[in-house]
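The points are grouped by topic.

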Amino acid sequence: MQVMPFWGCMIPLKYPQMESAVRYSLTKLEIELVDDSRFSCCPDPIYFKAGDKMRWFTLAARNIAIAEERGLDIITMCSGCTATLCEVNHHLKHDEKLRDKINENLKSIGREYKGSIRVRHLVTMLRDDVGLEKIADSVKYRLENIKIAIHYGCHLLKPSEIMNVEDPLVPKILAELIRVTGATPVNHQEYLMCCGKACQEQQLSLNMSHAVFQSVADSEADCLGLICPTCFDSFDLGQLRVNRNFSKKFEIPVIYYFQLLALAQGASLENVGIKFHKIMPEEFIKRLNTTLVTA
Amino acid sequence: MKKINYEFREKLNQTLGGFSHNYCYQCGACVADCPAHRFLPEFNPRAIILQALYGFEEELIGPDSMIWNCTNCYNCYERCPQAVNPIEVIIALKNMCREKGTNPPSVDNIIERVKSSGVTVTKTELVKRRRQELGLPEFEINCSDDLEKIFNK
Ligand code: SF4
Ligand code: SF4
């Protein structure tokens, strides 16, 4: 199976350990990644969309058109890229007038949006096209004693009429994907909370992340698991800010789902760049190591 | 007494994503699950849509507008029984701010970065080294010709 990875900006240029983990995992699942250096930023669904929505549509349509030329579906590894590319793909597929307008803008660069491919977050593609069973088969070391608090983030599931993944009030997809690695997904009070990244008022962002940290700390989880580099930013680096602001001592390791999957498939801690995380308590590394060795 | 500003409403109607504010019947379903409202009670999507219905320009797109505290979570989009899509109305209003020059600098910064480099994150030596250490190829971005044309249009 071939797909085009849309890495976006944050993963390749800030958190390359996520890219490394995804590449490892997908090799194990026999999915071939067809890279293309012509992609630009998705562009950003918060600030760019808030400032210049027409160009936001045009640049996103350009990215999709590049994949269309190759006849391949796009997978996204960042919820922000998912938001932009899925939304634009949806509207341009359904709104002919808007599509004509955007194609008029694309004419100057000799491209055209046709509406011939799908865009999905990688987790959705794995669930729907690869299947949980095949992922389970690729697991070498089951992460039996790791408990993971899930953070869904906002843009994998919402708006649901566009994303079409599942009911955003009772999502299961990440719990299912965690279970196949042998780890245990843990419910916590604020698992549907936003990471807060987009608010203008800093204190508001900190309050939102703080609510999540408190909720994870109150649960039995060993770490916080997620699928978006922006959420990761809020919770890894952001944990230092929250600790300062609230005089707290949270020390919750934050893990990108594909780091977990890659570890379960046989990757080393070095392969998935664990040492690049700001918050990574010794105790958690020990726990991971015993899991990987005793298995 | 303040009067309804129909001119402003008409402008909002013409802005991509802005028209649906007309469907709002002020039920408040969008408020309960709004995380920005939970931590900052003055922020209220129902009240923002009401201001849009009145056409209160200064409150909505003036330099002190509340709308920039929306966290883009889409809960209001999910809850609204009238398909108002409050978040999209807020984004339409944000676009009107930019036209007026009242947006926060972060918006211009991000657009400027994409315009000049194609991405929002600066390439650093540190990450370059990390990529090498992880055995990843150099991250190339070849979109500047296209982007220049799109931005200069
Ligand atoms: S839920 Fe919809 S109709 Fe109800 S107040 Fe909010 S925007 Fe208006
Ligand atoms: S998108 Fe904005 S207004 Fe809507 S619920 Fe989320 S924070 Fe509130």
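A residue counts as near a molecule if one of its heavy atoms lies within 4 Å of it. The model is predicted. In it, 13 residues surround ligand 2, a search of the whole structure finds 30 salt bridges over all chains, and the largest pocket has a volume of about 1100 Å³.

**Shell around ligand 2**

- The closest of the 13 residues around ligand 2 are Cys34(B), Cys70(B), Thr71(B), Cys73(B) and Cys76(B).
- Two helices of chain B, H5 (75–79) and H6 (86–100), each supply at least two residues of this shell.
- By class, the shell around ligand 2 holds 10 nonpolar residues, three polar and no charged.

**Largest pocket**

- The volume of the largest pocket is about 1100 Å³.
- Its lining consists of 45 residues, and those closest to the centre are Met10(A), Asp44(A), Tyr47(A), Lys197(A) and Thr230(A).
- Elements giving two or more residues to this lining are helices H5 (79–94), H11 (202–218), H12 (229–235) and H13 (237–246) of chain A, together with helix H7 (105–117) of chain B.
- The lining of the largest pocket divides into 20 nonpolar, 19 polar and six charged residues.

**Second largest pocket**

- The second largest pocket has a volume of about 530 Å³.
- There are 22 residues in its lining, and His91(A), Asp95(A), Leu16(B), Gly17(B) and Gly18(B) lie nearest the centre.
- Two or more lining residues come from each of helix H4 (53–70), H5 and helix H6 (96–107) of chain A, and from helix H1 (6–14) of chain B.
- With three residues, H6(A) gives the most to the lining of the second largest pocket.
- The classes in this lining are seven nonpolar, eight polar and seven charged residues.

**Salt bridges**

- Side chains of opposite charge can pair when their charged atoms come close.
- Across all chains, 30 salt bridges are found.
- Asp129(A) and Arg120(A) form one through their side chains, at 2.8 Å from N to O.
- Asp129(A) counts as partly exposed because its relative accessibility is 34%, whereas Arg120(A) has a relative accessible area of 11% and is therefore buried.
- Another salt bridge joins the side chains of Arg127(A) and Asp128(A), with 2.7 Å from N to O.
- Asp128(A) has 42% relative accessibility, so this residue counts as partly exposed.
- In the salt bridge between Lys275(A) and Glu133(B), the closest N and O atoms are 2.4 Å apart.
- This pair crosses between chains: Lys275(A) is in the loop between helix H14 (257–265) and helix H15 (282–294) of chain A, and Glu133(B) is in helix H8 (residues 125–133) of chain B.
- Both Lys275(A) and Glu133(B) are exposed.
- One network of salt bridges with shared partners joins Asp36(A), Arg38(A), Arg62(A), Glu69(A), Arg70(A), Arg111(A) and Asp146(B).

**Ser234(A)**

- Ser234(A) sits in helix H12 of chain A, one of the elements that give two or more residues to the lining of the largest pocket.
- Buried means under 20% relative accessible area, and Ser234(A) is buried because its value is 5%.
- Leaving aside residues up to four places away in sequence, Ser234(A) touches Cys195(A), Lys197(A), Ser209(A), Phe213(A) and Gln239(A).
- Of these contacts, Lys197(A) is also among the residues closest to the centre of the largest pocket.

Technical notes: Residues numbered from 1 in each chain as written. Chains lettered and ligands numbered in written order. Predicted model: local features only at pLDDT ≥ 70, side-chain atom pairs only at ≥ 80, totals over all residues. Heavy atoms only, no water. Helix = DSSP H or I, 4+ residues; strand = E, 2+ residues; numbered from the N terminus. Nonpolar A, V, L, I, M, F, W, Y, C, P; charged D, E, K, R; others polar. 1 Å grid on protein atoms, 1.4 Å probe; cavity = no way out; pocket = protein on both sides within 12 Å on 5 of 7 lines; lining within 4 Å. Points joined across faces, edges and corners; volume = space filled by probe spheres on them. Salt bridge = Lys/Arg side-chain N within 4 Å of Asp/Glu carboxyl O. Buried < 20%, exposed > 50% of the residue type's maximum accessible area, 1.4 Å probe, protein only. Contact = heavy atoms within 4.5 Å.
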